[in-house]
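Here is a short report on one protein model. Look over the sequence and the structure, then read on.

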Amino acid sequence: MAINREWHALNKLPRGATLDERLTWHIRHAANCSCRDMPPAIKRELEARGLTAPTPRSLK
Ligand SMILES: [Zn+2]
């Protein structure tokens, strides 16, 4: 699991972020960094909205 420190430094998820902000952050995070998996609750919400999240595996 590689962490993209530069991306994290530039993309901090604020405390009290809304669900929409968290979903957007996790989509972008999954595309830019593989330090951790997307939480199941986020995956479920994306699926419920008909969005697909890129996985680290699909990007390699
Ligand atoms: Zn990361």
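I42 touches R22, L23 and H26, leaving out residues up to four places away in sequence. Contact here means heavy atoms within 4.5 Å. I42 also belongs to the largest nonpolar core, together with L23, A30, M38 and L46, five residues in all. Such a core is a set of buried Ala, Val, Leu, Ile, Met, Phe, Trp, Tyr and Cys residues joined through side-chain atoms within 4.5 Å. The elements that give two or more residues to this core are α2 and α3. Helices (H or I, at least four residues) and strands (E, at least two) are DSSP runs, numbered from the N terminus.

This is a predicted model, in which local features need pLDDT of at least 70 and side-chain atom pairs count only at pLDDT 80 or more, while totals for chains, interfaces and linings use all residues. Residues are numbered from 1 along each chain as its sequence is written, and side-chain values use heavy atoms, with hydrogens and water left out.

**The zinc site**

Which residues are the protein donors of the zinc ion? They are H8 (NE2), H29 (NE2), C33 (SG) and C35 (SG), at 1.9 to 2.4 Å from the ion. Donors are N, O and S atoms within 2.8 Å of the metal (3.2 Å for Na, K and Ca); water is not among the atoms, so sites may look incomplete. In sequence the donor residues follow the spacing H-x20-H-x3-C-x1-C.

The arrangement is tetrahedral because the four donor atoms subtend angles of 106 to 113° around the zinc ion. Four donors count as tetrahedral if all angles lie between 85 and 135 degrees. Ideal angles for four tetrahedral donors are 109.5 degrees.

H8 is found in helix α1 (residues 5-10). Leaving aside neighbours within four places in sequence, H8 is in contact with I3, W25, H29, C33 and C35. I3 lies in the segment before α1. I3 and S34 are 31 residues apart in sequence, and their C-alpha atoms are 6.1 Å apart in space.

The structure holds zero disulfides, a disulfide being a pair of cysteine sulfur atoms within 2.5 Å.

**Salt bridges**

How many salt bridges does a search of the whole structure find? It finds two. A salt bridge is a side-chain nitrogen of Lys or Arg within 4 Å of a carboxyl oxygen of Asp or Glu. D20 pairs with R49, the closest N and O atoms being 2.8 Å apart. D20 lies in helix α2 (residues 19-32) and R49 in the loop between α3 (40-48) and α4 (56-59), so the pair ties together parts that are 29 residues apart in sequence. E45 and R49 also meet in a salt bridge, at 2.8 Å from N to O.

**Accessibility**

Buried means under 20% relative accessible area, exposed over 50%, and partly exposed in between (1.4 Å probe, protein chains only). The table covers residues from both sites.

| Residue | Relative accessible area | Class |
|---|---|---|
| H8 | 18% | buried |
| H29 | 3% | buried |
| C33 | 5% | buried |
| C35 | 25% | partly exposed |
| D20 | 44% | partly exposed |
| E45 | 24% | partly exposed |
| R49 | 40% | partly exposed |

I3 is partly exposed as well, with a relative accessible area of 42%.

How values were computed. Four donors count as tetrahedral if all angles lie between 85 and 135 degrees; four count as square planar and six as octahedral if opposite donors are over 155 degrees apart and all others between 65 and 115; anything else is irregular.
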